[in-house]
Amino acid sequence: MAEPSSDRIDVTYVADLARLRLSPEEIVVFQKQLGDVLGYVSQLAEVDVSHVSLLGDADLKNRLRLDEVRPSLPVTEALSNAPKQDNNLFVVPKMVE
Amino acid sequence: MDTTSLTIPELRQKLSSGAIRPREVVDQLATRVADVDPKLRAYLQLDVEKARTAADAADITKPLGGVPIAIKDVINVQGDPCTCASKILDGYIAPYDATVITKLREAGAVLFGRTNMDEFAMGSSTENSSWGSTRNPWDLDRIPGGSSGGSAAAVGGHEAFAALGTDTGGSIRQPAALCSCVGLKPTYGRVSRYGLTAFASSLDQIGTFTKTVEEAALLLEIIAGHDPRDNTSIDRPVPKYTQSLHQGVKGLRLGVPKEYFIKGIDPEVEKAVRDAIDEYKKQGAEIVEVSLPHTQYAVAVYYIIATAECSANLARFDGVRYGKRAQNPKDILDMYGRTRAEGFGAEVKRRIILGTYVLSSGYYDAYYNRAQKVRQLIGGDFRLAFEKCDALLTPTSPTAAFKIGERTADPLQMYLADIFTIAVNLAGICGVSIPCGFTTNKLPIGLQIIGPKWGEETMLRVAHAYEQATPWHKEKPPL
């Protein structure tokens with residue numbers, strides 16, 4: 001826990017990866033708060049996990065089914081909450097020139 | 001006759017004898033909500049007329065015929081809002097029913113209102129709701145717990161007979177403890193999550209808030225079971241949980257994990273839980289000390305895994321298919337960035353950033369993979385403990401309800417509120433919180449009973465034995 005907690009994470013960079021625009025005030029507050037949280041979780045470094053497999057003895061198995069058409073939401077209902085739609089499609093800002 | 005303080009079996013008896021009609025039950029409950037909810041703010045939305053219509057159509061011969069049930073605002077009910085207490089879903093109307101809702105409808109229940117919560121179920125106090133915090137029915141200056149604080153306050157405040165909630169790290173058990181009701185988190189895979197807005201998919205589970213253990217058993221019988229629409233739900237028979245409740249604890253071995261009685265626990269909470277352990281001894285249970293040596297790492301593991309999963313799950317809120325979209329975006333990235341900035345509250349943003357960070361290139365092994373491995377060790381602790389006992393007894397929360405605003409500036413302090421509940425989710429096992437007393441300030445205290453995977457029958461039997469011998473669950477808050 002020796003390093004200053006606010007150096008543990010570059011909040012601006014990570015927020016950009018997460019498609020989250022932050023205000024300058026949020027960046028300052030989150031930098032400190034998340035630094036503290038990362039300081040806390042760094043205690044996991046002291047646990048010996050050399051003998052532990054990543055998935056352990058997970059008892060869940062893949063469930064497979066035939067790829068058949070089954071009843072699902074009609075298009076109009078699936079679009080009923082869309083912020084913008086046209087011609088049975090979601091409308092978004094232009095992405096390619 | 002006022003029915004609002006009745007248990008579901010008592011209410012069903014009145015309904016089937018014709019002493020009261022389902023519509024009158026809805027009306028009485030609506031009156032109670034009108035009286036106390038301006039103080040508690042447990043409900044985000046309630047359409048009384050819709051509930052009356054459903055009550056008129058209810059088949060009272062069914063297991064929940066005519067019984068109103070409140071629903072946490074994270075579970076989809078066709079035609080109702082489902083905001084997850086987030087601005088980003090303001091105005092969203094669910095186009096379909098979650099599987100638990102289909103099952104409640106089939107059992108004759110009347111869906112009654114949407115309860116408040118921390119935004120996207122991220123929090124331990126319901127202060128992270130975008131629509132304002134819910135109050136604790138036992139002290140209006142205090143939090144009800146969270147994230148299912150609205151469901152807990154509604155049941156604790158007798159403005160709901162029962163409610164559904166969700167539990168990712170304690171979000172049913174902790175508020176149930178703080179509001180003096182019974183909060184049940186079933187085994188991971190016991191209840192379908194189809195139609196539940198996902199927060200952390202390897203941890204989330206739907207469960208119940210009720211006044212008594214018997215009602216928790218009854219509701220679990222109805223909502224449990226395999227669902228082809230949720231591949232993490234498991235195809236195992238659903239026992240008649242209500243049938244095995246009355247067998248007592250004589251001959252059962254109940255484990256007390258020493259790591260759950262640590263420095264920092266409120267002495268009044270510890271005393272109440274120790275007294276409960278003595279009661280079990282008196283009833284003929286064998287009390288055994290057990291050790292769960294990796295307990296101290298549970299909160300750290302949780303805040304890596306839960307945030308990692310939330311950063312992926314909440315990527316779907318991008319302003320494209322549903323929910324809010326920022327005005328006049330200049331391009332697609334501007335739309336994503338501003339939609340999410342305007343739509344999410346501070347805690348959700350913090351967790352998305354943390355989750356993105358622990359999954360990012362260069363940090364993945366040190367954080368996410370390591371946390372997954374320590375998670376295996378935590379699960380292993382429980383497996384070993386359950387070789388020596390049938391269920392575990394612990395406090396649900398290290399303290400009684402804290403004051404509104406007390407921990408909002410320090411997320412880490414807030415996270416530590418779940419120190420006794422988180423490991424159960426990480427291990428995928430089941431837990432229930434039941435009332436076990438009050439502090440000198442008359443704030444509720446909860447006893448947590450933890451069972452192994454698929455151990456609900458014995459766990460509920462243990463809970464019932466204590467409840468029947470004690471008066472706590474009968475007390476009503478002074479509202």
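Me: How is the angle between two helices in this predicted model to be read, and what are the values for H2(A) and H11(B)?

Reply: Axes are lines fitted to C-alpha atoms over the stretch in contact, and angles run from 0 to 180 degrees between N-to-C directions. On that basis helix H2 (residues 24–41) of chain A packs against helix H11 (residues 346–358) of chain B at about 55°, and their axes are 11 Å apart.

Me: Why is H2(A) called oblique to H11(B)?

Reply: Angles under 35 degrees count as roughly parallel and 65 to 115 as roughly perpendicular, over 145 is roughly antiparallel, and the rest is oblique. The angle here is about 55°, so H2(A) is oblique to H11(B). The crossing of this pair is right-handed.

Me: Which residues make the contact of H2(A) and H11(B)?

Reply: H2(A) brings Phe30(A), Gln33(A), Leu34(A) and Val37(A), while H11(B) brings Arg350(B), Ile353(B) and Leu354(B). By class, the contact has five nonpolar residues, one polar and one charged.

Me: Which residues form the contact of H2(A) with H9(B), and how many are nonpolar, polar and charged?

Reply: On H2(A) they are Val37(A), Tyr40(A) and Val41(A); on H9(B) they are Ala300(B), Tyr303(B) and Ile304(B). The contact has six nonpolar residues, with no polar and no charged ones. Tyr is counted as nonpolar in this scheme.

Me: How many residues does each chain put into the contact, and which helices of chain A supply at least two?

Reply: Chain A gives 37 residues and chain B gives 45. On the side of chain A that touches chain B, helix H1 (11–17), H2 and helix H3 (75–78) each supply at least two residues. The largest share of that side, seven residues, is from H2(A). By class, the side of chain A that touches chain B has 26 nonpolar, five polar and six charged residues.

Me: What is the make-up of chain A, and how much of chain A is buried?

Reply: Chain A has three helices and two strands, and along the sequence they follow the pattern α-α-α-β-β. Buried residues are 15% of the 97 in chain A.

Me: How do you know that the radius of gyration of chain B agrees with that of a compact globule?

Reply: For 479 residues, the globule rule puts the radius near 23 Å, and chain B has 21 Å, which agrees. The C-alpha atoms of chain B fill a box of roughly 70 × 55 × 45 Å along the principal axes. Chain B contains 15 helices and eleven strands, and 62% of its 479 residues are buried. Among contacts in chain B with a separation of 6 or more, 76% join residues 24 or more positions apart.

Me: Why is Ala272(B) called buried?

Reply: A residue is buried if 20 or more other C-beta atoms lie within 10 Å of its own. Ala272(B) has 22, so Ala272(B) is buried. Its place is in helix H8 (residues 267–282) of chain B. Apart from neighbours within four places in sequence, Ala272(B) is in contact with Cys436(B), Gly437(B) and Ile445(B). Ala272(B) and Ile445(B) are 173 residues apart in sequence and 7.4 Å apart in space, C-alpha to C-alpha.

Me: Is Ser180(B) buried or exposed, and how do you know?

Reply: The count for Ser180(B) is 30 other C-beta atoms within 10 Å. The cut-off for burial is 20 or more, so Ser180(B) is buried. Ser180(B) lies in the loop between helix H6 (173–179) and strand E5 (182–185) of chain B. Its phi is near 60°, a positive value in a residue other than glycine.

Me: Is Asn328(B) buried or exposed, and how do you know?

Reply: Asn328(B) has 9, so Asn328(B) is exposed. Asn328(B) is placed in the loop between helix H9 (298–313) and helix H10 (332–343) of chain B. The phi of Asn328(B) is near 45°, also positive in a residue other than glycine.

Me: What is the omega of the peptide bond from Gly146(B) to Ser147(B)?

Reply: Omega is near 10°, and the bond is cis. Ser147(B) lies in the loop between strand E3 (110–115) and helix H5 (149–156) of chain B. Most peptide bonds are trans, and most residues other than glycine have a negative phi.

Conventions: Residues numbered from 1 in each chain as written. Chains lettered and ligands numbered in written order. Predicted model: local features only at pLDDT ≥ 70, side-chain atom pairs only at ≥ 80, totals over all residues. Helix = DSSP H or I, 4+ residues; strand = E, 2+ residues; numbered from the N terminus. Rg over C-alpha atoms; globule rule 2.2 N^0.38 Å. Buried ≥ 20, exposed ≤ 12 C-beta atoms within 10 Å, placed from the backbone. Contact = placed C-beta atoms within 7 Å. Left-handed = near helix turned anticlockwise from the far one by under 90°.
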